[in-house]
Amino acid sequence: MRAVFGSKKPGKVAELREVEKPTVIKDDEVLVKTLYCSLCHSDLSLAKGDWGEVSDSSVGHESLGEVVQVGANVKDLKVGDYVAGPAGLRGACQKCKYCLRGEEVFCDEVVFTGQRGYGTMQDYTVEKAAYSIKVPKDTDLAAACIITCAGITVYKGFKLANPIKGDTVAIFGIGGLGNVAIEYAKNVFGLKVIAVGSNEKSLEIAKQKGADLIINWKQDDVDKKIKDFTNGVGLDLAMVTSSTLPQFELAYRNLGKLGKLCSIGLPAGKLETDILDITLGQKMVYGSLVGTRQDLREALEALYEKKVNPDFEVKSINEAEKYFELMDQNKLHTRIVFDLTK
Ligand SMILES: [Zn+2]
Ligand SMILES: [Zn+2]
(Lines give C-alpha, C1' and ligand atoms only; values in the text may rest on other atoms or scores of the structure.)
(Ligands and ions follow the chains in the order given, each with its own letter.)
Protein backbone atom coordinates (compact mmCIF):
# COMPACT_ATOMS: atom_id res chain seq x y z
CA MET A 1 0.00 0.00 0.00
CA ARG A 2 1.03 3.64 -0.43
CA ALA A 3 2.34 5.75 2.48
CA VAL A 4 3.96 9.20 2.67
CA PHE A 5 7.16 9.66 4.68
CA GLY A 6 9.59 12.48 5.34
CA SER A 7 12.66 12.10 3.16
CA LYS A 8 16.25 11.87 4.34
CA LYS A 9 17.54 12.41 0.81
CA PRO A 10 19.12 15.83 0.26
CA GLY A 11 16.85 18.29 -1.54
CA LYS A 12 13.80 16.08 -1.07
CA VAL A 13 10.99 16.80 1.39
CA ALA A 14 8.68 13.80 1.26
CA GLU A 15 8.58 10.35 -0.31
CA LEU A 16 5.67 8.22 -1.39
CA ARG A 17 6.65 4.64 -0.59
CA GLU A 18 5.16 1.22 -0.94
CA VAL A 19 4.83 -0.50 2.46
CA GLU A 20 3.09 -3.56 3.78
CA LYS A 21 -0.63 -3.31 4.49
CA PRO A 22 -1.56 -3.98 8.14
CA THR A 23 -3.71 -7.07 8.57
CA VAL A 24 -3.76 -7.86 12.30
CA ILE A 25 -6.10 -5.89 14.58
CA LYS A 26 -6.80 -6.23 18.30
CA ASP A 27 -10.27 -6.81 19.73
CA ASP A 28 -10.88 -3.10 20.40
CA GLU A 29 -9.53 -1.92 17.04
CA VAL A 30 -10.74 -1.37 13.50
CA LEU A 31 -8.90 -1.52 10.17
CA VAL A 32 -9.63 1.67 8.23
CA LYS A 33 -9.19 2.27 4.50
CA THR A 34 -8.17 5.93 4.20
CA LEU A 35 -10.30 7.76 1.65
CA TYR A 36 -9.04 11.35 2.02
CA CYS A 37 -6.24 12.95 4.01
CA SER A 38 -5.43 16.67 4.01
CA LEU A 39 -1.97 18.18 4.09
CA CYS A 40 -1.26 20.24 7.21
CA HIS A 41 1.74 22.41 7.93
CA SER A 42 2.69 20.11 10.80
CA ASP A 43 3.01 17.22 8.31
CA LEU A 44 5.64 19.29 6.54
CA SER A 45 7.43 20.08 9.83
CA LEU A 46 7.46 16.37 10.70
CA ALA A 47 8.63 15.37 7.22
CA LYS A 48 11.48 17.87 7.35
CA GLY A 49 12.49 16.97 10.90
CA ASP A 50 11.85 20.53 12.19
CA TRP A 51 11.03 19.12 15.63
CA GLY A 52 13.90 16.61 15.81
CA GLU A 53 15.01 13.79 13.50
CA VAL A 54 13.14 13.05 10.28
CA SER A 55 10.63 10.52 11.58
CA ASP A 56 10.56 6.88 10.52
CA SER A 57 6.76 7.05 10.79
CA SER A 58 4.55 7.98 7.90
CA VAL A 59 2.97 11.45 8.23
CA GLY A 60 -0.69 12.52 8.20
CA HIS A 61 -3.32 13.18 10.86
CA GLU A 62 -6.31 14.77 9.05
CA SER A 63 -8.13 11.89 7.44
CA LEU A 64 -11.48 10.30 6.72
CA GLY A 65 -11.75 6.60 6.10
CA GLU A 66 -13.99 3.57 5.74
CA VAL A 67 -14.02 0.75 8.25
CA VAL A 68 -13.06 -2.49 6.46
CA GLN A 69 -12.57 -4.84 9.43
CA VAL A 70 -13.73 -4.71 13.06
CA GLY A 71 -12.25 -6.30 16.20
CA ALA A 72 -14.24 -8.83 18.25
CA ASN A 73 -15.19 -6.36 21.00
CA VAL A 74 -16.19 -3.44 18.76
CA LYS A 75 -19.92 -2.89 19.12
CA ASP A 76 -20.64 0.59 17.76
CA LEU A 77 -18.87 0.41 14.39
CA LYS A 78 -19.39 -1.91 11.47
CA VAL A 79 -17.74 -2.58 8.12
CA GLY A 80 -18.66 0.20 5.69
CA ASP A 81 -18.94 3.00 8.31
CA TYR A 82 -17.07 6.24 7.61
CA VAL A 83 -14.90 7.46 10.47
CA ALA A 84 -12.73 10.44 11.46
CA GLY A 85 -10.35 11.01 14.37
CA PRO A 86 -9.44 14.25 16.16
CA ALA A 87 -6.18 15.67 14.69
CA GLY A 88 -3.76 12.89 15.39
CA LEU A 89 -5.22 11.92 18.79
CA ARG A 90 -5.44 8.14 18.76
CA GLY A 91 -5.61 7.08 22.36
CA ALA A 92 -5.60 8.21 26.00
CA CYS A 93 -5.74 6.44 29.38
CA GLN A 94 -9.33 7.47 30.28
CA LYS A 95 -8.30 7.52 33.97
CA CYS A 96 -5.96 10.46 34.61
CA LYS A 97 -7.26 13.81 35.83
CA TYR A 98 -7.16 15.32 32.33
CA CYS A 99 -9.14 12.45 30.81
CA LEU A 100 -11.68 12.64 33.64
CA ARG A 101 -12.09 16.35 33.01
CA GLY A 102 -12.84 15.69 29.35
CA GLU A 103 -9.48 17.08 28.19
CA GLU A 104 -7.96 13.83 26.89
CA VAL A 105 -5.56 15.71 24.58
CA PHE A 106 -3.48 16.46 27.70
CA CYS A 107 -3.57 12.87 29.02
CA ASP A 108 -0.37 11.70 30.71
CA GLU A 109 -0.36 8.72 28.35
CA VAL A 110 -1.78 10.35 25.23
CA VAL A 111 -1.02 8.66 21.90
CA PHE A 112 -0.70 10.78 18.77
CA THR A 113 -0.37 9.31 15.27
CA GLY A 114 3.39 9.92 14.94
CA GLN A 115 4.20 8.25 18.28
CA ARG A 116 2.40 5.03 17.45
CA GLY A 117 4.66 4.47 14.44
CA TYR A 118 2.48 5.61 11.52
CA GLY A 119 0.31 8.50 10.44
CA THR A 120 -2.84 8.49 8.33
CA MET A 121 -1.39 9.58 4.99
CA GLN A 122 -1.40 5.95 3.88
CA ASP A 123 -3.94 3.56 2.36
CA TYR A 124 -4.80 1.60 5.53
CA THR A 125 -4.42 2.29 9.26
CA VAL A 126 -5.31 0.40 12.43
CA GLU A 127 -7.35 2.59 14.81
CA LYS A 128 -8.84 2.25 18.27
CA ALA A 129 -12.59 2.02 17.72
CA ALA A 130 -13.17 4.33 20.70
CA TYR A 131 -11.22 7.10 18.93
CA SER A 132 -12.96 6.71 15.59
CA ILE A 133 -15.88 9.12 15.23
CA LYS A 134 -18.59 7.91 12.89
CA VAL A 135 -19.61 10.45 10.23
CA PRO A 136 -22.80 10.33 8.12
CA LYS A 137 -22.58 8.76 4.66
CA ASP A 138 -23.53 11.97 2.85
CA THR A 139 -20.72 14.05 4.43
CA ASP A 140 -18.32 15.94 2.15
CA LEU A 141 -15.43 13.70 3.22
CA ALA A 142 -12.64 15.87 1.81
CA ALA A 143 -14.00 18.94 3.63
CA ALA A 144 -14.39 16.92 6.83
CA CYS A 145 -10.62 16.22 6.81
CA ILE A 146 -10.03 19.93 7.35
CA ILE A 147 -12.47 20.01 10.26
CA THR A 148 -10.50 17.25 12.02
CA CYS A 149 -7.56 19.63 12.56
CA ALA A 150 -8.05 23.31 11.64
CA GLY A 151 -11.77 23.09 12.39
CA ILE A 152 -11.61 21.61 15.89
CA THR A 153 -8.66 23.77 16.89
CA VAL A 154 -10.44 27.05 16.25
CA TYR A 155 -13.80 25.67 17.38
CA LYS A 156 -12.24 24.68 20.72
CA GLY A 157 -10.65 28.14 20.98
CA PHE A 158 -14.08 29.78 20.72
CA LYS A 159 -15.75 27.21 22.98
CA LEU A 160 -13.22 27.90 25.75
CA ALA A 161 -13.90 31.66 25.47
CA ASN A 162 -17.62 31.05 25.94
CA PRO A 163 -18.50 34.24 24.00
CA ILE A 164 -21.85 35.98 24.01
CA LYS A 165 -23.68 36.50 20.71
CA GLY A 166 -22.77 39.86 19.22
CA ASP A 167 -19.32 40.00 20.86
CA THR A 168 -16.48 41.21 18.66
CA VAL A 169 -13.59 38.91 17.83
CA ALA A 170 -10.48 39.85 15.89
CA ILE A 171 -8.87 36.92 14.12
CA PHE A 172 -5.18 37.52 13.55
CA GLY A 173 -3.71 35.45 10.72
CA ILE A 174 -5.94 34.70 7.76
CA GLY A 175 -4.59 31.41 6.44
CA GLY A 176 -6.25 28.00 6.55
CA LEU A 177 -7.04 28.26 10.28
CA GLY A 178 -8.13 31.89 10.07
CA ASN A 179 -10.59 31.27 7.25
CA VAL A 180 -12.29 28.42 9.07
CA ALA A 181 -12.25 30.55 12.24
CA ILE A 182 -14.18 33.35 10.50
CA GLU A 183 -16.97 30.92 9.60
CA TYR A 184 -17.18 29.38 13.07
CA ALA A 185 -17.18 32.86 14.64
CA LYS A 186 -19.93 34.22 12.37
CA ASN A 187 -22.14 31.22 11.72
CA VAL A 188 -21.80 29.13 14.88
CA PHE A 189 -21.04 31.63 17.67
CA GLY A 190 -22.81 34.70 16.20
CA LEU A 191 -19.85 37.05 16.64
CA LYS A 192 -18.81 40.19 14.80
CA VAL A 193 -15.55 39.47 13.05
CA ILE A 194 -12.50 41.58 12.33
CA ALA A 195 -10.00 39.77 10.08
CA VAL A 196 -6.40 40.90 10.49
CA GLY A 197 -3.83 39.81 7.91
CA SER A 198 -1.20 41.20 5.60
CA ASN A 199 -1.94 39.57 2.27
CA GLU A 200 -4.53 41.47 0.19
CA LYS A 201 -5.76 38.31 -1.52
CA SER A 202 -6.29 36.54 1.82
CA LEU A 203 -8.10 39.59 3.19
CA GLU A 204 -10.40 39.60 0.17
CA ILE A 205 -11.22 35.93 0.86
CA ALA A 206 -11.83 36.84 4.52
CA LYS A 207 -14.40 39.36 3.36
CA GLN A 208 -16.12 36.71 1.23
CA LYS A 209 -16.17 34.40 4.25
CA GLY A 210 -18.16 37.03 6.13
CA ALA A 211 -15.64 39.22 7.99
CA ASP A 212 -17.28 42.53 8.99
CA LEU A 213 -14.01 44.44 8.84
CA ILE A 214 -10.64 43.60 7.32
CA ILE A 215 -7.38 45.13 8.50
CA ASN A 216 -3.97 44.93 6.84
CA TRP A 217 -1.76 45.06 9.93
CA LYS A 218 1.32 45.96 7.92
CA GLN A 219 -0.32 49.00 6.34
CA ASP A 220 -3.27 50.13 8.47
CA ASP A 221 -3.45 51.78 11.88
CA VAL A 222 -4.72 48.62 13.62
CA ASP A 223 -5.42 50.24 17.02
CA LYS A 224 -7.49 53.04 15.47
CA LYS A 225 -9.47 50.72 13.22
CA ILE A 226 -10.35 48.39 16.11
CA LYS A 227 -11.19 51.32 18.33
CA ASP A 228 -13.51 52.83 15.70
CA PHE A 229 -15.20 49.50 14.98
CA THR A 230 -15.82 48.73 18.68
CA ASN A 231 -16.88 52.29 19.59
CA GLY A 232 -13.80 52.69 21.74
CA VAL A 233 -14.32 49.65 23.99
CA GLY A 234 -11.84 47.23 22.42
CA LEU A 235 -12.09 43.52 21.63
CA ASP A 236 -14.08 40.91 23.54
CA LEU A 237 -11.91 38.21 22.03
CA ALA A 238 -8.73 38.04 19.98
CA MET A 239 -7.74 34.78 18.35
CA VAL A 240 -4.21 34.60 17.01
CA THR A 241 -3.75 31.81 14.48
CA SER A 242 -0.54 33.23 13.03
CA SER A 243 2.93 32.53 14.39
CA THR A 244 4.06 36.15 14.15
CA LEU A 245 4.90 37.68 17.51
CA PRO A 246 3.89 41.29 16.63
CA GLN A 247 0.36 40.06 15.95
CA PHE A 248 0.16 38.69 19.51
CA GLU A 249 1.23 42.09 20.81
CA LEU A 250 -1.41 43.84 18.69
CA ALA A 251 -4.05 41.37 19.85
CA TYR A 252 -3.25 41.81 23.54
CA ARG A 253 -3.03 45.59 23.29
CA ASN A 254 -6.49 45.85 21.76
CA LEU A 255 -8.38 43.74 24.30
CA GLY A 256 -11.21 45.55 26.03
CA LYS A 257 -12.36 44.95 29.61
CA LEU A 258 -13.18 41.23 30.13
CA GLY A 259 -11.23 40.63 26.91
CA LYS A 260 -9.72 37.22 26.18
CA LEU A 261 -6.75 36.35 24.02
CA CYS A 262 -6.75 32.87 22.50
CA SER A 263 -3.34 31.69 21.34
CA ILE A 264 -3.28 29.11 18.55
CA GLY A 265 -0.13 30.12 16.67
CA LEU A 266 3.24 28.86 17.83
CA PRO A 267 5.84 31.63 17.63
CA ALA A 268 9.01 31.06 19.63
CA GLY A 269 8.90 34.09 21.89
CA LYS A 270 7.39 35.79 24.92
CA LEU A 271 4.35 38.02 25.19
CA GLU A 272 4.69 40.87 27.61
CA THR A 273 1.53 41.50 29.62
CA ASP A 274 0.65 44.24 32.09
CA ILE A 275 -0.49 42.68 35.39
CA LEU A 276 -2.39 45.79 36.49
CA ASP A 277 -4.22 45.88 33.17
CA ILE A 278 -5.09 42.16 33.43
CA THR A 279 -6.38 42.42 37.01
CA LEU A 280 -8.26 45.69 36.64
CA GLY A 281 -9.77 44.68 33.31
CA GLN A 282 -10.42 41.02 34.28
CA LYS A 283 -8.62 39.88 31.15
CA MET A 284 -7.51 36.41 30.19
CA VAL A 285 -4.80 34.88 28.00
CA TYR A 286 -5.16 31.19 27.12
CA GLY A 287 -4.18 28.61 24.53
CA SER A 288 -6.02 26.09 22.39
CA LEU A 289 -4.33 22.89 21.24
CA VAL A 290 -6.50 20.81 18.90
CA GLY A 291 -9.60 19.30 20.52
CA THR A 292 -11.12 16.15 21.91
CA ARG A 293 -13.48 13.60 20.38
CA GLN A 294 -16.42 15.54 21.77
CA ASP A 295 -15.08 18.78 20.25
CA LEU A 296 -14.75 17.00 16.91
CA ARG A 297 -18.36 15.83 17.07
CA GLU A 298 -19.48 19.40 17.71
CA ALA A 299 -17.17 20.94 15.09
CA LEU A 300 -18.40 18.47 12.47
CA GLU A 301 -22.03 19.42 13.18
CA ALA A 302 -21.26 22.86 11.74
CA LEU A 303 -20.03 21.19 8.54
CA TYR A 304 -23.14 18.99 8.28
CA GLU A 305 -25.28 22.12 8.70
CA LYS A 306 -23.20 23.91 6.03
CA LYS A 307 -22.25 26.67 8.47
CA VAL A 308 -18.59 26.13 7.58
CA ASN A 309 -17.34 25.52 4.06
CA PRO A 310 -13.56 25.16 4.04
CA ASP A 311 -11.72 25.90 0.79
CA PHE A 312 -9.52 23.16 -0.61
CA GLU A 313 -8.36 21.37 -3.73
CA VAL A 314 -8.37 17.60 -4.11
CA LYS A 315 -5.24 15.99 -5.56
CA SER A 316 -4.19 12.39 -5.99
CA ILE A 317 -2.03 10.93 -3.23
CA ASN A 318 0.34 9.94 -6.04
CA GLU A 319 1.27 13.64 -6.30
CA ALA A 320 2.05 13.97 -2.58
CA GLU A 321 5.77 14.62 -3.03
CA LYS A 322 5.09 17.57 -5.32
CA TYR A 323 2.63 19.22 -2.91
CA PHE A 324 4.94 18.82 0.09
CA GLU A 325 7.59 20.57 -1.96
CA LEU A 326 5.24 23.40 -2.98
CA MET A 327 4.23 23.89 0.64
CA ASP A 328 7.87 23.98 1.65
CA GLN A 329 8.48 26.70 -0.94
CA ASN A 330 5.52 28.70 0.39
CA LYS A 331 3.74 28.29 -2.92
CA LEU A 332 0.53 26.66 -1.68
CA HIS A 333 -2.32 29.09 -1.17
CA THR A 334 -5.14 26.67 -0.62
CA ARG A 335 -5.52 23.56 1.50
CA ILE A 336 -4.67 20.33 -0.35
CA VAL A 337 -6.69 17.20 0.34
CA PHE A 338 -5.20 13.97 -0.99
CA ASP A 339 -7.54 11.47 -2.59
CA LEU A 340 -6.63 7.89 -1.68
CA THR A 341 -9.63 6.26 -3.34
CA LYS A 342 -7.76 5.85 -6.64
ZN1 LIG B 1 -3.20 19.43 11.14
ZN1 LIG C 1 -5.47 10.16 30.66
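Here are some questions and answers about this predicted model.

Q: Into which domains is the chain divided, and how many Å separate their centres?
A: Let's start with the overall layout. The chain is divided into domain 1, made of 2–135 + 311–339, and domain 2, covering 151–287. Taken over C-alpha atoms, the centres of domain 1 and domain 2 are separated by 30 Å.

Q: Which residues does UniProt list for "domain: Enoyl reductase (ER)", and how many Å apart are the end C-alpha atoms of that span?
A: The UniProt record, an unreviewed entry, lists residues 11–338 under that name. The span is 30% helix and 25% strand. The end C-alpha atoms of residues 11–338 are apart by 22 Å.

Q: What is the order of the six strands in the open sheet, and which of them stand at the edges?
A: The pairing in this open sheet is parallel, and the order is β12-β11-β10-β13-β14-β15. An edge strand has a single partner, so one of its sides is left without a neighbour in the sheet; that is the case for β12 (213–216) and β15 (284–287).

Q: Which residue in β14 is the bridge partner of Val240?
A: Strand β13 (residues 235–240) runs parallel to strand β14 (residues 255–263), and five bridges join them. The partner of Val240 in β14 is Ser263.

Q: Which strands does α6 touch, and what angle does its direction make with that of β12?
A: Helix α6 (residues 222–229) packs on the sheet. The strands that α6 touches are β10, β11, β12 and β13. With the direction of β12, that of α6 makes an angle of about 165 degrees.

Q: How many Å should helix α4 span at 1.5 Å a residue?
A: Helix α4 (residues 176–188) has 13 residues, and its end C-alpha atoms are 18 Å apart.

Q: Is α4 largely enclosed or left open by the rest of the structure?
A: Among the buried residues of α4 are Leu177, Val180, Ile182 and Tyr184. In total, 10 of the 13 residues are buried, so α4 is largely enclosed.

Q: What is the phi of Asn330 near?
A: Most residues other than glycine have a negative phi. Asn330 is in the loop between α10 (320–328) and β17 (335–339), and its phi has a positive value, near 65 degrees.

Note on methods. Residues numbered from 1 in each chain as written. Chains lettered and ligands numbered in written order. Predicted model: local features only at pLDDT ≥ 70, side-chain atom pairs only at ≥ 80, totals over all residues. Helix = DSSP H or I, 4+ residues; strand = E, 2+ residues; numbered from the N terminus. Expected span 1.5 Å × (residues − 1). Buried ≥ 20, exposed ≤ 12 C-beta atoms within 10 Å, placed from the backbone. Domains from an automatic or database assignment. UniProt positions renumbered as here; feature names shortened; annotations may be inferred. Pairing = 2+ DSSP bridges. Contact = placed C-beta atoms within 7 Å. Axes fitted to C-alpha atoms, helices over the stretch in contact; angles between N-to-C directions.
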